[in-house]
Amino acid sequence: MKLTRVIGQPALPDLDPFLMLDEFGTDNPGDYIAGFPAHPHRGFETVTYMLDGRMRHRDNRGHEGVLVPGAVQWMTAGRGIVHSEMPEQQEGRMRGFQLWLNLPAKAKMIEPAYQEFGPERIPMISPARGVHVKVIAGQVGPVIGPVVQPATDPTYLDIELDGPAEFVQPLPQGHSAFVYVFEGELSVGTGGAAVRLPQHTLAVLGDGAQVRLQSAATAARAILVAGRPLHEPVARYGPFVMNTQEQLRRAFADYQSGRF
């Protein structure tokens, strides 16, 4: 599948606990029809957020479902899973994000698990005029997102700002955080210190008490993501993320022996 790697490339290899962020979006079926055939994971979580299109998920443990526009799948791979993610359409637009989050050492070998929510289960709040926020994880005002992960205490918000509008959101001290603009443009910060973010731009946020996002004359849309860093060693190769090279070798051996 044709995609843009935002986190997990030379300019930003990772942002503890975030290992990778991919954006995919195209109207050309040739760019997505191959999908993601069966592949393994161990030691981390994948978060798929669909904006447009339909994607079918299957794994080697019998779990299956279809992600529709606005749906979220938060998959904890844990000790090991083999799954596929394939388009459930032959034409039309396919758009969304996949985020990888690390798991702490004590949780890398837990049993795989899912948190899956259709669009009707993702709450939305309009905390200010011209501001519309889908709360996937974390809290905006009185609204709490459905995803729960105590290890990293994540925030994951889909924010739409009419033009002009402003959104201010507190974030936990010490959390790694970023904002990624995928429609229009906005600015982050206050007054003369505000930084303009064009479309398809990611900003890594400093350790402050809150983030302020503003749109100008036209509408903008972005995801705001934050999480508690793990501060643990990372041994990583392809679809396996462990703490040591020996654990990586064991992951390959387990997969090749059919023990996932």
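Predicted model: local features only at pLDDT ≥ 70, side-chain atom pairs only at ≥ 80, totals over all residues.
Helices (H or I, at least four residues) and strands (E, at least two) are DSSP runs, numbered from the N terminus.

Residues are numbered from 1 along each chain as its sequence is written. Local features need pLDDT of at least 70 and side-chain atom pairs count only at pLDDT 80 or more, while totals for chains, interfaces and linings use all residues; side-chain values use heavy atoms, without hydrogens and water.

## Overall form

Along the principal axes, the C-alpha atoms of the chain fill a box of roughly 55 × 45 × 35 Å. Of the 260 residues, 50% count as buried. Buried means under 20% relative accessible area, exposed means over 50%, and partly exposed lies in between (1.4 Å probe, protein chains only). Among contacts with a separation of 6 or more, 72% are between residues 24 or more positions apart; a contact means heavy atoms within 4.5 Å.

## The nonpolar cores

In soluble globular proteins, nonpolar side chains tend to be buried together. A nonpolar core is counted as a set of buried Ala, Val, Leu, Ile, Met, Phe, Trp, Tyr and Cys residues joined through side-chain atoms within 4.5 Å. The largest such core has 26 residues, of which Val133, Phe167 and Leu213 touch the most other members. At least two residues of this core come from each of S12 (131–137), S15 (155–161), S16 (165–170), S17 (176–183), S18 (186–188), S21 (210–215) and S22 (220–227). The most is given by S22, with four residues.

Not counting residues up to four places away in sequence, Phe167 touches Pro127, Val131, Val133, Val140, Leu157, Ile159, Leu161, Val211, Arg212 and Leu213. Another core, of 25 residues, lies apart from the largest one and has among its members Leu12, Ile122, Tyr156 and Tyr180.

## Strand pairing

Two strands pair if DSSP finds at least two bridges between them.

Elsewhere, eight of the nine residues of strand S4 (residues 44–52) are buried, so S4 is largely enclosed by the rest of the structure. In its pairing with S9 (residues 94–102), Asp52 stands opposite Arg95. In its pairing with S7 (residues 72–76), Tyr49 stands opposite Val72.

| Strand pair | Bridges |
|---|---|
| S12 and S15 | six bridges |
| S4 and S9 | eight bridges |
| S4 and S7 | five bridges |

## A buried charge

Asp31 belongs to helix H1 (residues 29–32). The residue is buried yet has no salt bridge, and Lys2, the nearest side chain of opposite charge, is 4.5 Å away. A salt bridge needs a side-chain nitrogen of Lys or Arg within 4 Å of a carboxyl oxygen of Asp or Glu. For charge, Lys and Arg count as positive and Asp and Glu as negative, while His and the chain ends are not counted. Leaving aside neighbours within four places in sequence, Asp31 is in contact with Met1, Lys2 and Thr26.

## Backbone exceptions

Most residues other than glycine have a negative phi, and most peptide bonds are trans. Asp16 and Pro17 are joined by a cis peptide bond with omega of about 15°, and Pro17 sits in the loop between S1 (4–7) and S2 (18–26). The bond from Gly163 to Pro164 is also cis, with omega near -15°; Pro164 lies in the loop between S15 and S16.

His200, which is not a glycine, has a positive phi of about 65°. Its place is in the loop between S19 (195–197) and S20, and His200 is partly exposed, with a relative accessible area of 47%. For His231, phi is positive and near 55°. His231 is found in the loop between S22 and S23 (235–237) and is exposed, with a relative accessible area of 68%.
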